[in-house]
Amino acid sequence: MAGVFSGLVVCAVLVFCVVVPSFATVYNVGESSGWTMGTDYSTWTSGKTFAVGDSIVFNYGSGHTVDEVSGSDYNSCTVGNAITSDSSGATTITLKTAGTHYFICGVPGHCGSGMKLAVTVGSGSPTASPSGSGSSSTGGSGGSSLPSGRNTTTTKTSPYTPDLSSGANFSPFVALGITCVAFFMLVLS
């Protein structure tokens, strides 16, 4: 009987450890407009609460980049000092640390034309969003670090392409499968 109980405890821990990362929210930067000139990204961020583990997805055409920069380079639209840079047309950034993260388009003149985004990430852990999606057209760079104040009307990207560089995010079905295998291995041993 003790083996069954310890097996259940191990299974519960495995489910918690594997399923919790899948609760992160994926934000589609600029919603349907994407990453382009003429969009007010400070308006887009208002009302949204970003947490460690969430992802922001930039979708854009050729001739643009997504550069993560320092706060001073963001404020002055200084290009050429990027912390990271991508020009693939679909850039997913997993928000791994709390604090404000700054992004600009590294093409000269584009940042000054509005292609700049400041995202304030709270230290709270991500929470699940409802399966329904909507859009929000409001934004600033603020956000509460309390998960209970999370905006749940963010448009999700589809299809979801996870950024696996920060660890594996398994679907709940994979987590359930792993849990079942672990349970039977413990019971049979």
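# A working chat on a predicted protein model

Mentor: Buried residues make up 35% of the 189 residues in this protein, where buried means under 20% relative accessible area, exposed means over 50%, and partly exposed lies in between (1.4 Å probe, protein chains only). This is a predicted model, in which local features need pLDDT of at least 70, side-chain atom pairs count only at pLDDT 80 or more, and totals for chains, interfaces and linings use all residues. Residues are numbered from 1 along each chain as its sequence is written, and side-chain values use heavy atoms, with hydrogens and water left out.

Trainee: What pLDDT does the protein average?

Mentor: The average is 73, and 57% of the residues score at least 70. pLDDT is the predictor's confidence in each residue, from 0 to 100.

Trainee: Where does pLDDT stay under 50?

Mentor: That happens over residues 126–170, for which the model has 101 contacts beyond four places in sequence. A contact means heavy atoms within 4.5 Å.

Trainee: How many helices and strands are there?

Mentor: There are four helices and eight strands. From the N terminus on, the elements run α-β-α-β-β-β-α-β-β-β-β-α. Helices (H or I, at least four residues) and strands (E, at least two) are DSSP runs, numbered from the N terminus.

Trainee: Which residues touch the most other members of the largest nonpolar core?

Mentor: They are Trp35, Ile56, Phe58 and Leu117, in a core of 18 residues. H2, strand S3 (55–59) and strand S8 (116–122) each supply at least two residues of this core, and S8 gives the most, with three. A nonpolar core is a set of buried Ala, Val, Leu, Ile, Met, Phe, Trp, Tyr and Cys residues joined through side-chain atoms within 4.5 Å.

Trainee: And what does Leu117 touch?

Mentor: Not counting residues up to four places away in sequence, its partners include Val29, Trp35, Trp44, Ile56, Phe58 and Phe103. A second, separate core of five residues includes Val69, Tyr74, Ile104 and Ala118.

Trainee: Changing topic, which loop holds Glu31?

Mentor: Glu31 lies in the loop between strand S1 (26–28) and helix H2 (41–45). Glu31 has a positive phi of about 50° although it is not a glycine. Most residues other than glycine have a negative phi.

Trainee: Is Glu31 buried or exposed?

Mentor: Glu31 counts as buried because its relative accessibility is 10%. Thr39, placed in the loop between S1 and H2, is buried with a relative accessible area of 16%. Leaving aside its neighbours within four places in sequence, Thr39 is in contact with Ser33, Gly34 and Gly114.

Trainee: What about the phi of Cys77?

Mentor: Cys77 has a positive phi of about 55° although it is not a glycine. Cys77 lies in the loop between helix H3 (71–76) and strand S5 (84–86), and is partly exposed, with a relative accessible area of 23%.

Trainee: Which strand gives the most to the lining of the second largest pocket?

Mentor: Strand S6 (residues 90–94) does, with three residues. The residues of the lining divide into three nonpolar, five polar and two charged. Here Ala, Val, Leu, Ile, Met, Phe, Trp, Tyr, Cys and Pro count as nonpolar, Asp, Glu, Lys and Arg as charged, and the others, Gly among them, as polar. On a 1 Å grid over the protein atoms alone, a pocket is an open set of points where a 1.4 Å probe fits, with protein on both sides within 12 Å along at least five of seven lines, and lining residues have an atom within 4 Å of a point.
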